[in-house]
Amino acid sequence: MNKQDEAILLEHLADTFETKLREAERSIGDDIPDRYREGWMDAFGWATTYCRLLAERERTHAWFL
């Protein structure tokens, strides 16, 4: 797998985490306890950011290889 493919996969993963984050945000007012929902939202938010940063790094380094 080359760097470009890795970046594409990381972007797809980030999009998936972002979708899950939106689902968690929409669950406000449901029967999910606040502490659990907040942890869920934090985890998906961090995962989204991390994947996007890794994808950007892969794209940047792919230009040099």
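Predicted model: local features only at pLDDT ≥ 70, side-chain atom pairs only at ≥ 80, totals over all residues.
Me: What share of the contacts in the protein with a separation of 6 or more comes from residues 24 or more positions apart?
Reply: Such residues account for 70% of those contacts.

Me: How much of the protein counts as buried, and which residues of H1 are buried?
Reply: Of the 65 residues, 23% count as buried. In H1 the buried residues are Ala7, Leu10, Ala14, Leu21 and Ala24. As for the surface, the protein exposes about 5,100 Å², and carbon and sulfur atoms supply 59% of that area.

Me: Take a charged residue, Glu58. Is Glu58 buried or exposed?
Reply: Glu58 has a relative accessible area of 6%. Buried means under 20%, so Glu58 is buried. Glu58 is found in helix H2.

Me: What is Glu58 in contact with, leaving aside its neighbours within four places in sequence?
Reply: Glu58 is in contact with Lys3, Glu6, Ala7 and Leu10. Two of the residues named there, Ala7 and Leu10, are among the buried residues of H1. The side chain of Glu58 also makes a polar contact with the side chain of Arg57, at 3.5 Å.

Me: Now the aromatic rings. How is a pair of them described?
Reply: A pair is described by the distance of the centres and the angle of the planes. This structure holds two aromatic pairs. One of them is formed by Phe17 and Phe44, with 6.0 Å centre to centre and 40° between the planes, and this pair is tilted.

Me: Which parts of the chain does that pair link?
Reply: The pair links distant parts of the chain: Phe17 lies in helix H1 and Phe44 in helix H2, 27 residues apart.

Me: Are Phe17 and Phe44 buried or partly exposed?
Reply: Phe44 is buried, because its relative accessible area is 15%, under the 20% cut-off. Phe17, with a relative accessible area of 21%, is partly exposed.

Me: Which residues form the aromatic cluster?
Reply: Phe17, Trp40 and Phe44 form one aromatic cluster.

Key. Residues numbered from 1 in each chain as written. Heavy atoms only, no water. Helix = DSSP H or I, 4+ residues; strand = E, 2+ residues; numbered from the N terminus. Buried < 20%, exposed > 50% of the residue type's maximum accessible area, 1.4 Å probe, protein only. Polar contact = N/O pair within 3.5 Å; in protein donor to acceptor, adjacent residues only side chain to side chain. Contact = heavy atoms within 4.5 Å. Areas by Shrake-Rupley, 256 points an atom, 1.4 Å probe, with all protein chains shown as cover. Phe/Tyr/Trp six-rings, centres within 6.5 Å; stacked < 30°, edge-to-face > 60°.
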